Amino acid sequence: MNFHAVKAIYRFEMARTGRTLLQSVVSPVVSTSLYFVVFGAAIGSHITEVGGVSYGAFIVPGLIMLSLLTQSITNAAFGIYFPKFVGTIYEHLSAPVSFIEIVLAYVGAAATKSIMIGLIILATAFLFVPMQIQHPVFMLLFLILTAVTFSLVGFIIGIWADNFERLQLIPLLVVTPLAFLGGSFYSIDMLPPAWRTISLFNPVLYLVSGFRWSFFGVGDVSVGVSLGMTLLFLAICLIFVWWIFKTGWRLRN
């Protein structure tokens with residue numbers, strides 16, 4: 001393992017966050033705070049509790065997950081796309097650096113940044129609603145697994161995209177709708193039976209449900225199923241990234 005190469009790429013990607021602090025950190029925190037105000041005040045006045053949890057506290061895990069998904073994908077996608085755009089990706093591919101080390105550096109940096117933002121949003125949430133975390137170890141586990149998984153998704157999108165517009169295509173048209181429809185702001189028990197069944201095919205539901213369980217001990221599906229689906233999604237992403245570097249798809253042409 002070439003730790004020097006991993007460290008160099010990782011530090012470069014982390015340094016980019018410092019140069020774009022307003023966009024990378026401040027913007028998602030402010031946007032999430034507005035969600036707290038709008039949803040907590042407007043909808044919370046009509047829905048007092050969901051599953052025995054006050055609505056203001058109930059939406060906290062969903063808001064953190066929503067920000068975590070988008071930030072993980074955006075950071076990882078731009079991180080690998082920019083070297084493709086300027087041509088420096090070929091230096092990585094020709095250097096004595098394995099694809100594992102490249103993925104570890106870029107995905108690790110993207111996941112680190114999104115986890116930092118998630119923790120900042122969590123700290124901000126305590127300013128709006130009183131709550132406690134019943135299972136902090138599981139909370140950190142789901143936070144890390146989700147950040148790594150969707151950083152891998154962003155990495156794949158960054159390799160697939162051939163222009164800046166495509167970088168935003170899947171996050172805007174696929175991931176964000178799935179996050180909103182994945183129980184971020186409601187429980188699927190509130191839906192009609194048909195829509196409840198359809199929601200079970202949404203992978204984001206299992207991430208949000210498991211993360212919410214770590215806070216309040218309640219979820220739309222059992223924590224074991226949520227963890228299993230999260231690990232399955234992570235494995236699929238790892239296999240796809242391995243296939244990309246094995247075949248050179250979107251890298252060698």
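Colleague: In which helix does Thr146 lie?
Modeller: This is a predicted model, in which local features need pLDDT of at least 70, side-chain atom pairs count only at pLDDT 80 or more, and totals for chains, interfaces and linings use all residues. Residues are numbered from 1 along each chain as its sequence is written, while side-chain values use heavy atoms, with hydrogens and water left out. With helices taken as DSSP runs of H or I of at least four residues, numbered from the N terminus, Thr146 belongs to helix H6.

Colleague: Is Thr146 buried or exposed?
Modeller: Buried means under 20% relative accessible area and exposed over 50%, with partly exposed in between, for a 1.4 Å probe and protein chains only. The relative accessible area of Thr146 is 0%, so this residue counts as buried.

Colleague: Which residues does Thr146 touch, not counting those up to four places away in sequence?
Modeller: Contact here means heavy atoms within 4.5 Å. With residues up to four places away in sequence set aside, the partners of Thr146 are Met65, Leu68, Leu69 and Leu207.

Colleague: How is H3 placed relative to H9: roughly parallel, roughly antiparallel, roughly perpendicular or oblique?
Modeller: Axes are lines fitted to C-alpha atoms, for helices over the stretch in contact, and angles run from 0 to 180 degrees between N-to-C directions. Angles under 35 degrees count as roughly parallel, over 145 as roughly antiparallel, 65 to 115 as roughly perpendicular and the rest as oblique. The axes of H3 and H9 come within 9 Å and cross at roughly 135°, and therefore H3 is, relative to H9, oblique.

Colleague: Which residues in H9 are met by H3?
Modeller: From H3, the residues taking part are Ala57, Phe58, Pro61, Gly62, Ile64, Met65 and Leu69. In H9, the residues that they meet are Val204, Leu207, Val208, Phe211, Arg212, Phe215 and Phe216.

Key: Helices (H or I, at least four residues) and strands (E, at least two) are DSSP runs, numbered from the N terminus.
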